[in-house]
Amino acid sequence: MVDEKNLKTIIENILNEMTAGNVDVTNDVQSAVAVKAAETVSQSKIEDGCIPDITEVDIKKQFLVPHAEDPEGYQKMKQYTPARLGLWRAGTRYKTQSTLRFRADHAAAQDAVFSYVDEALVKEMNFVAVETLCRDKDEYVTRPDLGRQFSPEMCEKIKENTTHGAKIQVVVGDGLSSAAIGANIKEIIPSIKQGLKMFNLDFDSVVFVKHARVPSMDKIGELTDADVVCLLIGERPGLVTAESMSAYIAYRPTVDMPEARRTVISNIHSGGTPAVEAGAYIAELIKNMLDKKKSGIDLKEAE
Amino acid sequence: MTEKILSVGIDLGTSTTQLVLSELFIENMASAFSIPRIVISDKKVIYRSDIRFTPILADNLIDADAIKDFVEAQYLKAGIQKEDIQMGAVIITGETARKENASKVLSALSGFAGDFVVATAGPDLESIIAGKGAGAHLYSKEKRLSVVNLDIGGGTTNLALFEEGEVVDTGCLDIGGRLIKVEPKTKKITYIAPKIQEIINKKGLAIQLNQPTSVEQLQPIIQEMVHLLENSVGLGMQSQFYQYIITNKGLRLGQCIKGISFSGGVADCIAKELPEDPFKYGDIGLLLGQGIAHSRLVMEKEVIPSVETIRATVVGAGSHTAEVSGSTITYTKAILPIQNIPILKLAKADEIGTSDEMATKIREKLQWYQLENEFQKIALGLSGEKNPSFQTVLTLAEAIVKGLETLIQRKEPLIIMVQEDMAKALGQSIHSLLPKDYPFVCLDSVRVENGDYIDIGNPIAGGTVLPVVVKTLVFN
């Protein structure tokens, strides 16, 4: 908080600048503030323009080194990495735009963890909405064990709203990035569905899990008795993207099964594998699991 | 996990035939937790055959049986079984590049050596293959330098210009080492190619068929040939014969060309001094080589060492023709391999709008390829979108199926080549719209343009990718 004395000085300075010293502000700051404030409000013009979104800049193409020996060569190398290279400096620090961009990306990553998937989206997609034992995000972050368990009521809800013993059960979980679900889920679900059609396969109602950890799929596997459970879940966000999603897929998962039994497809986002293409690939993977009755390392070894 | 693929390249040229065996290393570069990304990670030539004269029967027809014997003998020498070969390209160049020859060679070698991709190369494709075989594309990529490769053979000089590893232009001139043949012992001229004869006549030179000749007497025509080569890369005053000597087209002039490399038989003859017997090969190759060694070509351009010289074309054919498709694709196996299909590429502007609008565009363009009721198969090329929505994919699939209705009525397989990574989803969408079990291929990550022809081989790397040969014929 800015203390009162500081505030007074700031206001004085501002008013001095605005009035170019015509008004003796030091004598009666209070009234001057009131008058001037009213004036500023009435005088201020609202423009239609907007400040450019710094996160729109493609870092891979941003190159700020002045008088570089071989700028094309540097930029070519930059094409292979999303790392923040060639952004130059101001003294010993980053330039303002680089600093702001870093903070913006970091904020997006934090937001992705601490925000929730839009309820309207869950409704629109007709998901069966359930949640784990975590009561809020803080508990979700600090208690991974609770993020894989459901209350008896929730178990009941899952059972009632899914087809028992289905070949495929699709689950969506917020995980560590709600933004990832928001960005990808609408594209990937129909893509998986259509891909499965090619093999005469299909899936029924999709379960949505709030405060989900990956092993929550194991419990759902047991509850639904599905052959293959496919969990689409937000990945821990980084500074490159906050919208990366993973698919964890397992053949007949059970609670406390070894992690090696999961097959994972990561990096599903606009800069990685496009959601639509990933969905098409996942469909084929599921079909393969159903044929071989295996998943994870076991499936790799069977190939 | 690297998969090794044995690839064969066979070059049937106007004068010589040769073969190389290469190992291509196919690797999944993606981490274990992502969708595979399969690339050709390395190429190694493991066997170079003898070089023999191309067996030609009357009327420029290749003696296919003799080719088969040659290939068989070389496999034996290399110690490999024909079954080991998974990929390959037969490049038929020069005057032997004819349809009858291609089908004859294909049938003679079919079942004999894996799944051959036979290509009858026009001068443009030959230039590219030779340039890649010589290593000019890699040099231009690593050093970020524009490099032109001159593949100077017996009958023609094939030019390919590379910038940052990409071919940007090609050209071809009727200049080569065997355009005048000289009997080594008697020094008598036994052959003069028609175009060279014309230049000799126009210049009033005393070079005559069936008459003995000398280095001095041939110098004026050699100098003219060198001058024409200088012209071809934009050096010197343009000769009055420049347009005349061009086979089909020259490089566009006025381009920035920094480096130059030489391949082909004459590349081995480039030396400042002539050897003791300048006619030991029975032709003017050594003289031409000496001429080049003293020309502005080597003085004004940075000369780049070639990886291959006389074998550039065959090495290019064996190692540099095939690329692999993207790793998420859809196809029905029964229709593979596919050969010599022309590309119908939609303009970017045609890929916008409703599926009906796009379908109309596809139908219109399809018309261009249907000449006088003669039906022509095509492969549809698209740019696609970088991160498409499911609806976009669906709309595109509908447009394709509607637009290619004539093909579907004829039960012709659909071949779709999309540049962006979306072929699996697009393929599955198309599949859902096609009649049951309808044959099709939908692949991505291969760049094609109008005027290209493609060959698609049998799947490799456990069925994840398809080898593709794009025969580029046109440059913008």
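1. Buried here means under 20% relative accessible area. Glu235(A) has 19%, so this residue counts as buried. Bear in mind that the model is predicted.

2. Glu235(A) sits in the chain A loop that links strand 4 (228-234) and strand 5 (245-251). Leaving out residues up to four places away in sequence, Glu235(A) touches Leu176(A), Ser177(A), Ser244(A), Met245(A), Ser246(A), Ser266(A) and Asn267(A).

3. The unreviewed UniProt entry marks Val214(A) and Glu235(A) as "binding site".

4. Beyond residues up to four places away in sequence, Val214(A) touches Leu231(A), Ile233(A), Tyr248(A) and Arg262(A).

5. Turn now to the nonpolar cores. The largest has 51 residues, and Met417(B) and Leu426(B) touch the most other members. Helix 12 (residues 390-403) of chain B gives the most to this core, seven residues. A separate core holds 43 residues, including Val233(B), Leu251(B), Ile284(B) and Leu288(B).

6. Which residues does Met417(B) contact, leaving aside neighbours within four places in sequence? They are Ile343(B), Ala379(B), Leu380(B), Gly381(B), Leu382(B), Leu443(B), Val446(B), Val448(B), Ile454(B), Ile456(B) and Val468(B).

Key. Residues are numbered from 1 along each chain as its sequence is written. Chains are lettered from A and ligands numbered from 1 in the order in which they are written. This is a predicted model: local features need pLDDT of at least 70, side-chain atom pairs count only at pLDDT 80 or more; totals for chains, interfaces and linings use all residues. Side-chain values use heavy atoms; hydrogens and water are left out. A nonpolar core is a set of buried Ala, Val, Leu, Ile, Met, Phe, Trp, Tyr and Cys residues joined through side-chain atoms within 4.5 Å. Buried means under 20% relative accessible area, exposed over 50%, partly exposed in between (1.4 Å probe, protein chains only). Helices (H or I, at least four residues) and strands (E, at least two) are DSSP runs, numbered from the N terminus. Contact means heavy atoms within 4.5 Å. UniProt positions are given in the numbering used here, feature names are shortened, and annotations may be inferred rather than shown by experiment.
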